[in-house]
Amino acid sequence: MLSERLNNAYNAQIKNELNSAYIYLGMAAYFDSHNLPGFAHWMRAQAEEEMEHGMKFYHFVFERGGNVALAALDEPSVQYESPMAAFKAAYAHEQFISESINHLYRLAEEEHDYASRPLLHWFIEEQVEEEANARGIVEQLEMVAGSKTGIFMLDRQLAKRE
Ligand SMILES: [Fe+2]
Ligand SMILES: [Fe+2]
């Protein structure tokens with residue numbers, strides 16, 4: 001059984017993950033509106049992954065005999081100054097999410113909730129990948145330095161994400 005404190009923290013994380021999906025969908029809309037279908041595809045795939053993350057926490061709360069509460073989502077931006085600005089925001093957001101997972105982990109340890117460990121270990125590893133992916137694209141955008149040809153080629157590459 002989850003403690004009330006941990007249950008509340010898991011519910012906050014469900015919101016964080018669904019909010020991430022909404023943020024990435026906003027970024028997808030930005031790229032779609034600028035005729036960059038590869039970037040948009042990458043962001044839509046990212047949004048779907050975040051939905052799955054939210055559902056992992058959702059199922060876990062019920063499995064542990066807790067109660068799910070759903071907070072309102074924040075309105076995401078659908079406009080960015082550049083592809084670089086969007087990906088820098090995505091990277092910063094993933095760093096924020098990593099911190100929220102770390103916070104959950106500390107809380108679960110404080111509450112001696114050892115059943116949380118496997119789930120949170122999965123998310124700790126996932127966040128290493130999430131940060132590396134976003135940072136990797138920021139670095140590639142730095143390489144092309146706003147060149148239209150470079151952005152076009154990167155768009156073709158990001159279209160291949162499964
Ligand atoms: Fe996530
Ligand atoms: Fe993420």
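Predicted model: local features only at pLDDT ≥ 70, side-chain atom pairs only at ≥ 80, totals over all residues.
Figure 1. Glu126 has 16 C-beta neighbours inside 10 Å, so it counts as partly exposed. Look for Ser98 as well: Glu126 and Ser98 sit 28 residues apart along the chain, and their C-alpha atoms are separated by 9.1 Å.

**Figure 2. Helix H4 from end to end.**

Figure 3. Once H4 is over, Ala145 follows, with a positive phi near 45°. That is a positive value in a residue other than glycine. Ala145 belongs to the loop between H4 and H5. Is Ala145 buried or exposed? It has 9 C-beta neighbours inside 10 Å, and therefore counts as exposed.

**Figure 4. Where H1 meets H3.** Helix H1 takes in residues 4-33, and it packs with H3 at an angle of about 170°, their axes being 11 Å apart. Angles over 145 degrees count as roughly antiparallel, so H1 is roughly antiparallel to H3. On the H1 side, the residues to look for are Arg5, Leu6, Ala9, Gln13, Asn16, Ser20, Ile23, Met27 and Tyr30. They meet Ala86, Ala90, His93, Ile97, Ser100, Leu104, Leu107 and Ala108 of H3. Sorted by class, this contact has 11 nonpolar, 5 polar and 1 charged residues.

**Figure 5. Glu110 and Leu6.** Glu110 is found in helix H3. With 11 C-beta neighbours inside 10 Å, it counts as exposed, because the cut-off for that is 12 or fewer. How many residues separate Glu110 and Leu6 in sequence? The answer is 104, and from C-alpha to C-alpha the two are 9.8 Å apart in space.

**Figure 6. The largest nonpolar core.** This core has 34 residues, and Met27, Phe31 and Met43 are the ones that touch the most other members. Two or more residues come from each of H1, helix H2 (37-63), H3, H4 and helix H5 (148-158). Which element gives the most? That is H1, with 13 residues. Zoom in on Met27: leaving out residues up to four places away in sequence, it touches Met43, Tyr80, Ala86 and Ala90. As background, nonpolar side chains tend to be buried together in soluble globular proteins.

**Figure 7. H1 and the residue Asn35.** H1 has 30 residues, which at 1.5 Å a residue should span 44 Å; the end C-alpha atoms are 43 Å apart, which agrees. After H1 comes Asn35, with a positive phi near 55°. Asn35 has this positive phi although it is not a glycine. You'll find Asn35 in the loop between H1 and H2. There are 9 other C-beta atoms within 10 Å of Asn35, so this residue is exposed.

**Figure 8. The buried residues of helix H2.** With 27 residues, H2 should span 39 Å at 1.5 Å a residue, and its end C-alpha atoms are 39 Å apart, so that agrees too. Its buried residues are Phe39, Ala40, Trp42, Met43, Arg44, Gln46, Glu50, His53, Gly54, Phe57 and Phe60. What do these buried residues pack against? Their partners are H1, H3, H4 and H5. Gly65 follows H2, and its phi is positive, near 80°.

**Figure 9. Stepping back to the whole chain.** The protein chain has 5 helices and 0 strands, and from the N terminus on its elements run α-α-α-α-α. Taken along the principal axes, its C-alpha atoms fill a box of roughly 55 × 25 × 25 Å. Of its 162 residues, 30% count as buried. Among contacts between residues at least 6 apart in sequence, 78% join residues at least 24 apart.

Technical notes:
Residues numbered from 1 in each chain as written. Chains lettered and ligands numbered in written order. Buried ≥ 20, exposed ≤ 12 C-beta atoms within 10 Å, placed from the backbone. Helix = DSSP H or I, 4+ residues; strand = E, 2+ residues; numbered from the N terminus. Axes fitted to C-alpha atoms, helices over the stretch in contact; angles between N-to-C directions. Parallel < 35°, antiparallel > 145°, perpendicular 65-115°, else oblique. Contact = placed C-beta atoms within 7 Å. Nonpolar A, V, L, I, M, F, W, Y, C, P; charged D, E, K, R; others polar. Core = buried A, V, L, I, M, F, W, Y, C linked by C-beta atoms within 7 Å. Expected span 1.5 Å × (residues − 1).
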